Amino acid sequence: MASKCMLFRRSLGTVCSFRDLIIPSDILGTSCCERFRHYSTLSEKQKDEIAAGPDFEDFVTGNVDASDRSAPNIKRKKGERLRLPPWLKTKIPQGKNYHGLKENLRELNLHTVCEEAKCPNIGECWGGGDSGTATATIMVLGDTCTRGCRFCSVKTARNPPPPDPEEPRNTARAITSWGLDYVVLTSVDRDDLPDGGAAHFAQTVQEIKKRSIKDMLVECLTPDFRGDMNCVEIVADSGLDVYAHNVETVAELQWLVRDPRANYKQSLKVLEHVKTFKPDMVTKTSIMLGLGETDDQILRVLEDLRKIDVDCLTLGQYMQPTKRHLKVKEYVHPDKFKHWEEIGDKLGFAYTASGPLVRSSYKAGQYM
């Protein structure tokens, strides 16, 4: 019987550590012989489920894929490390366009949110992707933020260096030389500046429009300017085509995810005021999933956005940039993102871009 026990331990003993399989928790602490007797009482269906589970070799090599043995969404359990699912693995950035664009940005002392925020799509966007057109989201007003949101890896400081006065012209010169049809300008929060950097934003847009030899569309993804609607109007009146401001997450998680100076109602007011000030302006926002939000909370955000006539919405997976930042609570399955895209379309958004790797400016020009 000892040899049988040893054989059974090799084939089943490791599997018994997974509480979601059919072996009851009260059996786990029993001897190997008792487990063997219990196994003989199982139905054929239950035995098939055990046989279809991971092999011993899978555990040795680390090839157990949580997405194959759990619900569609991969959720964090206490004390467990949440492994990256297959649908979130991306290629290492490379290619002529990628390296050429990176060198050009460094020469002109420009920063991109693609690099600062460790965007997973940097290789695809900078390399041109399927469209063959290299794009990047330019971050103006420097690379240091005055706020400290717990999801963002951008550097922070109470008093960052003053903005580069040549940045608007350098940005326009670089962007127009790339021959793009669509460009996104974003920025860090600059609460240290009287206007939050609104005039700097506006000057950059005007320089781009002045130099562009074709009808290039410009999107500005702005901070909330501390709720100062005069600053919002300065940017909205600069000649841009799309005004974007992100609510980031559901109302119930704002306190945990964002800096205390940012909040859900203030973000909604920014987006609402843009429509009041310029009714024909296209407005856009983005939210991250995987922070612990519920379906009901997500739906309420979408309904709130439609009430203030927000035109465009993007939903993407939150990715923990460093160990110091918020942990991912769950990896949302692509099918769930497809569900929210369908809901967004039904609610009346002009477009809803929803997917694990979607970011607020991901392939933005393809949707406009």
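This is a predicted model: local features need pLDDT of at least 70, side-chain atom pairs count only at pLDDT 80 or more; totals for chains, interfaces and linings use all residues.
Q: What makes Arg306 a charge over the ring of Phe349?
A: The rule asks for NZ of Lys or CZ of Arg within 6 Å of the ring centre and within 35 degrees of the ring normal. The charged end of Arg306 sits over the Phe349 ring, 5.3 Å from its centre.

Q: Why are helix 10 and helix 11 called roughly parallel?
A: Helix 10 (residues 198–211) and helix 11 (residues 229–236) pack at about 5°, and angles under 35 degrees count as roughly parallel. The two helices are therefore roughly parallel to each other. Their contact (heavy atoms within 4.5 Å) includes Phe201 of helix 10 and Ile234 of helix 11.

Q: How do you know that Asp189 and Arg147 meet in a salt bridge?
A: A salt bridge needs a side-chain nitrogen of Lys or Arg within 4 Å of a carboxyl oxygen of Asp or Glu; for Asp189 and Arg147 the N to O distance is 3.7 Å. The pair lies in two loops, so it ties together parts 42 residues apart in sequence.

Definitions and conventions: Residues are numbered from 1 along each chain as its sequence is written. Side-chain values use heavy atoms; hydrogens and water are left out. Axes are lines fitted to C-alpha atoms, for helices over the stretch in contact, and angles run from 0 to 180 degrees between N-to-C directions. Helices (H or I, at least four residues) and strands (E, at least two) are DSSP runs, numbered from the N terminus. Angles under 35 degrees count as roughly parallel, over 145 as roughly antiparallel, 65 to 115 as roughly perpendicular and the rest as oblique.
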